[in-house]
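Here are my notes on the pocket, the aromatic pairs and the charges over rings. Please read them beside the model.

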Amino acid sequence: SVGSTVALTSNLTADAVAVAVGDTATFSAEQLVWLRSTAVWGAGDSTVYGQIQRVKSVDSGVAMTLYSPRIVPFNTAATATVRPITPVEKVLFRNVHVIGSGANSQRGLLISYGVDCVVESNCSFVDCAYGGMTLYRCLNCKVAPTVKRCRETGLSYGITISGGCHGCAVDGGYGEDLRHYVAVGDNDGINVDCRATNNIVVDARSAGIDSHVASHGFIVSGNQITLAAGYGDEGIIVQGLNSIISDNTIRGVTGTGIFVQPLVTAVGFSAQAVVRGNRIYLEPNVVDSLIGVFVQIEPTNGSNYSSVDIDGNTVYGGTGSTTTTHFYVLANKASGTISNLSIRNNVSADAALAQSLLVRALASSTTIDSVTVTGNHFQTSGTLCANFLADGTSSVISKVVFSGNTLAGGTSGILKLEGDPGSISQFSEDMTVYTRGGGSLLVLA
């Protein structure tokens with residue numbers, strides 16, 4: 001449960017721990033609190049600032065000290081408030097089985113304001129139309145249930161992490177016949193340092209794991225995801241800041257295997273993304289584009305990137321689609337910036353039908369700079385193997401080191417640098433092994 005809201009009387013910067021309020025009578029040392037303001041984290045769905053914190057000490061009738069800093073400030077101009085939390089603590093669910101009716105937006109389990117709660121892997125939630133379970137505004141909870149056959153249109157979740165959770169994990173669970181086994185979201189608060197690890201997801205009807213904008217520091221690692229035939233557009237989607245997506249295996253992809261597009265519009269933030277050691281299996285698809293790893297700045301609400309690391313991924317398949325790209329980095333928002341882009345040790349295990357690598361500055365005045373492409377094996381049966389394309393007005397791709405890669409195929413060219421109407425500058429290339437595909441080794445356009 002939560003207590004009454006108390007207004008902050010001075011701004012609380014992200015790195016500060018001293019909180020000034022109108023009255024501390026309802027607060028005590030070691031108590032959890034909920035900080036909130038109307039400042040917007042993501043404009044696309046109006047996500048606002050909110051985080052769980054713990055009080056270290058109550059220092060006076062109008063002042064208290066928190067244990068730790070936050071990722072965002074809480075300012076009085078944005079109606080910053082704080083309220084005490086009385087949590088549900090250390091509840092263990094073991095051998096709990098819920099069977100729903102398959103209708104009426106049923107949810108198997110809701111844990112609100114939980115701390116150190118555990119749902120073991122021997123628990124199950126079946127035929128719950130809305131979803132198996134929800135963690136809402138929880139701290140350090142760990143869950144691993146089996147969830148099956150949640151089928152309500154537009155919902156159909158396995159586990160949702162929402163409302164500004166902190167440090168919660170879905171680890172070692174099983175999901176079948178769902179839209180998403182793990183979904184991170186809501187628009188009231190930011191879910192911080194949560195993770196989806198070591199889960200098995202079968203017959204997912206959309207992304208097996210999906211994070212909306214209301215996340216920061218989301219880790220997706222060690223999962224095995226198989227997408228349902230006829231549905232499997234994406235394997236993993238992340239739209240929050242500073243994600244790590246590693247060592248996952250994704251099968252049955254008929255759209256995009258891993259899709260990263262942070263949508264945080266708050267001023268002063270840029271994204272970091274790590275996509276490392278994943279295995280992606282693309283299915284034949286003659287209708288839609290097929291992409292293995294796709295990292296982009298979305299056109300309307302996309303965040304800039306301070307760093308992107310695409311390292312050690314392997315993409316299989318993709319024949320049958322005329323627009324298969326195994327590794328795609330796209331700056332698609334006017335004046336957007338991607339800095340410190342590293343593409344290393346990746347493998348196109350099969351020939352991409354369009355191009356193995358595409359780095360593209362599409363929107364006007366976009367910049368992709370400080371790019372390292374090294375140790376990769378790219379291959380294609382299409383027109384180009386590796387393509388650097390600055391086709392936005394005044395767009396720039398610069399400071400590129402292209403070294404130690406193996407390129408095979410390309411009926412029109414193996415490596416293409418195209419700056420029209422944008423520009424490509426400071427491009428250095430060495431120690432590349434080319435296997436001629438019928439076209440030119442290097443095309444400058």
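1. The largest pocket has a volume of about 260 Å³. A pocket here is an open set of points on a 1 Å grid over the protein atoms alone, with protein on both sides within 12 Å along at least five of seven lines; lining residues have an atom within 4 Å of a point. Of its 17 lining residues, Tyr130, Tyr157, Thr160, Gly185 and Asp186 are the closest to the centre. Strand 17 (157-162) and strand 20 (180-185) each give two or more residues to the lining; strands are DSSP runs (E, at least two residues) numbered from the N terminus.

2. This is a predicted model: local features need pLDDT of at least 70, side-chain atom pairs count only at pLDDT 80 or more, and totals for chains, interfaces and linings use all residues. Residues are numbered from 1 along each chain, and side-chain values use heavy atoms, without hydrogens or water.

3. Ring pairs (centres within 6.5 Å; edge-to-face if the planes are over 60 degrees apart) link Trp41, Tyr49, Phe74 and Phe269 into a cluster. The rings of Trp41 and Phe269 have centres 5.1 Å apart and planes at 70 degrees, so they are edge-to-face. Trp41 sits in strand 3 and Phe269 in a loop, 228 residues apart. Trp41 is buried at 0% relative accessibility, while Phe269 is partly exposed at 23% (buried is under 20%, exposed over 50%, partly exposed in between; 1.4 Å probe, protein chains only).

4. Arg107 lies over the face of Tyr130, 4.3 Å from the ring centre. The cut-offs for a charge over a ring are NZ of Lys or CZ of Arg within 6 Å of the ring centre and within 35 degrees of the ring normal.

Terms used:
1 Å grid on protein atoms, 1.4 Å probe; cavity = no way out; pocket = protein on both sides within 12 Å on 5 of 7 lines; lining within 4 Å. Points joined across faces, edges and corners; volume = space filled by probe spheres on them. Helix = DSSP H or I, 4+ residues; strand = E, 2+ residues; numbered from the N terminus. Phe/Tyr/Trp six-rings, centres within 6.5 Å; stacked < 30°, edge-to-face > 60°.
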